[in-house]
Amino acid sequence: MPTVELIMPKMGESIMEATILKWLKKEGDAIATDESVLEIATDKVDSEVPAPQGGVLSKILFAEGEVVPVGKAIALINTGGADEAPIVAAPAKEEKVTAAASATAVSKVAESIQVAEGNKNGDSGRFYSPLVLNIARSEQISMAELERIPGTGKDNRVTKGDMMAYLENRKAPASQEVPLNLPTGKAEEPVQQVQKAQPVAETPVAKPSISVSGNVEIVEMDRMRKLIAQHMVMSKHTSPHVTSFVEADVTNMVMWREKVKDTVLKRDGEKITFTPIFVEAVVRALKDFPLVNSSLDGERIIIRKDLNIGMATALPSGNLIVPVIKAADQFNLIGLTKQVNDLANRARNNKLKPEDTQGGTFTISNVGTFGNVMGTPIINQPQVAILATGVIKKKPVVIETPTGDTIGIRHMMFLSLSYDHRIVDGALGGSFLRRIADYLEQFDINRVV
């Protein structure tokens, strides 16, 4: 076959599309096998796409900045020479990929939200997912109003992010339009019952107008900052956040690390920080309170058996990324140290793979790195809790001894836990946080590495 298609690769289990950042080659350029042809970006990581075969880049099918579904041809490579006519892939292949992608996305929602199949398309023929329709129904958005919402998904489809952005800017529901009331067949009664139990949504407050005159500088958000902003707003819209705090005496932990850090560096070539110790304590506490290691799917609680710990990492650009330590309970402290250092280094050098940021079940954010005493972190959806570890400071504290109380200088730190109050109540959240602090306070100063 003289021409092969360069396909948008699948960059991870939950990723269905990617944005073309930059074409590294132009039409007519010669390409070697496995040579990078373009740079793409997902909501997880940036990556380069290599050529499956050598030849000549005969046609570019999508421009820079366009969003392309996974599995779709993005370019044609002529493997038989520059004069060969390119052969475009059969439409059936594209339809197969599109159908599979749509079925995967819809099936995940359909398990928890039962919506009739007959009203997923509006008068314009635009497809609406069950999740979008459910949001429209709960927010009293009519079909006519829904049709006017600009979509950023494939074929201009409205995504959950589009709905959240629209609702944030929406001053009030249209008064002259009939709210969206889709027939739901057998599922109609349960949906109505749920709606009756929910309070009426408050009218979103209009954004204040901002003057751009005078002594100002306007900086356009980069792609990653836009994604972070959308994710944070979505998390606040999704989960009722509650934050609990504890103060822990981590003197033994600090003294142990000071004692062994040179040995670990010389023997293993690794710099041991406090982060792997925090990860170890979190893993132990999650085993004690497995409900915190869960997600909420509609009215179903999904308790994760894998303990995959995300570690929020600041990038040189000022942005944030969360690489994940998979199966963190399978590593000892030195193994966790190697995992932490490897992921942190690759994150800062933009060398993470898509799978490095996927599958997290709990997240740790070390705000103490910046000298902060404590923080109130935002939950990394679809998780239900996130831990913030504050700076470790020496303080005079009261120490209880068998012979009476005394005052001593101890290494103290605050831990804060933000959690989803739909699943995690104050008793569970507070007990889980206290258990982490207990494990840190009880650290064995004579522990052998």
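**Close-up views of a predicted model**

**View A. Helix 8 and helix 10 are oblique to each other.** In this predicted model, helix 8 (residues 275–288) packs against helix 10 (residues 426–441) at an angle of about 130°, and the axes of the two helices lie 9 Å apart. An angle over 145 degrees would count as roughly antiparallel and one of 65 to 115 as roughly perpendicular, so the pair falls into the oblique class. Helix 8 passes helix 10 in a right-handed crossing. On the side of helix 8 the contact is made by Ile277, Phe278, Ala281, Val282, Arg284, Ala285, Leu286 and Asp288, while helix 10 contributes Phe432, Arg435, Ile436, Tyr439 and Leu440.

**View B. Serine 418 is a buried residue of strand 19.** The strand that holds serine 418 spans residues 404–420, and the relative accessible area of serine 418 is 1%, which puts this residue in the buried class, for which the limit is under 20%. The side chain of serine 418 reaches the backbone oxygen of proline 377 at a distance of 2.7 Å. When neighbours within four places in sequence are left aside, serine 418 is in contact with His241, Val242 and Thr243, with Thr376, Pro377 and Ile379, and with Val384, Ala385 and Ile386.

**View C. Four strands form an open sheet in the order 5-4-2-7, with antiparallel pairing.** The edges of this sheet are strand 5 (46–50) and strand 7 (67–69), each of which pairs on one side only. Neighbouring strands of the sheet are turned against each other by 45° on average, with direction ignored. Strands of a sheet pair through backbone hydrogen bonds, in either a parallel or an antiparallel manner. Strand 2 (residues 17–23) pairs with strand 4 (residues 36–41) in the antiparallel sense, over four bridges. Isoleucine 20 stands opposite isoleucine 40, which belongs to strand 4.

**View D. Isoleucine 135 is buried and has its place in helix 2.** Helix 2 covers residues 130–138, and within this helix isoleucine 135 has a relative accessible area of 9%, a value that counts as buried because the class takes in everything under 20%. Isoleucine 135 and lysine 160 are separated by 25 residues in sequence, and their C-alpha atoms are 8.3 Å apart in space. Apart from neighbours within four places in sequence, the residues in contact with isoleucine 135 are Lys160, Met163, Met164 and Leu167.

Key:
Residues are numbered from 1 along each chain as its sequence is written. This is a predicted model: local features need pLDDT of at least 70, side-chain atom pairs count only at pLDDT 80 or more; totals for chains, interfaces and linings use all residues. Side-chain values use heavy atoms; hydrogens and water are left out. Buried means under 20% relative accessible area, exposed over 50%, partly exposed in between (1.4 Å probe, protein chains only). A polar contact is a pair of N or O atoms within 3.5 Å; within protein, one must be able to donate a hydrogen and the other to accept it, and residues adjacent in sequence count only if both atoms are side-chain atoms. Contact means heavy atoms within 4.5 Å. Two strands pair if DSSP finds at least two bridges between them. Axes are lines fitted to C-alpha atoms, for helices over the stretch in contact, and angles run from 0 to 180 degrees between N-to-C directions. Angles under 35 degrees count as roughly parallel, over 145 as roughly antiparallel, 65 to 115 as roughly perpendicular and the rest as oblique. A crossing is left-handed if the near helix is turned anticlockwise from the far one by less than a right angle, and right-handed if clockwise.
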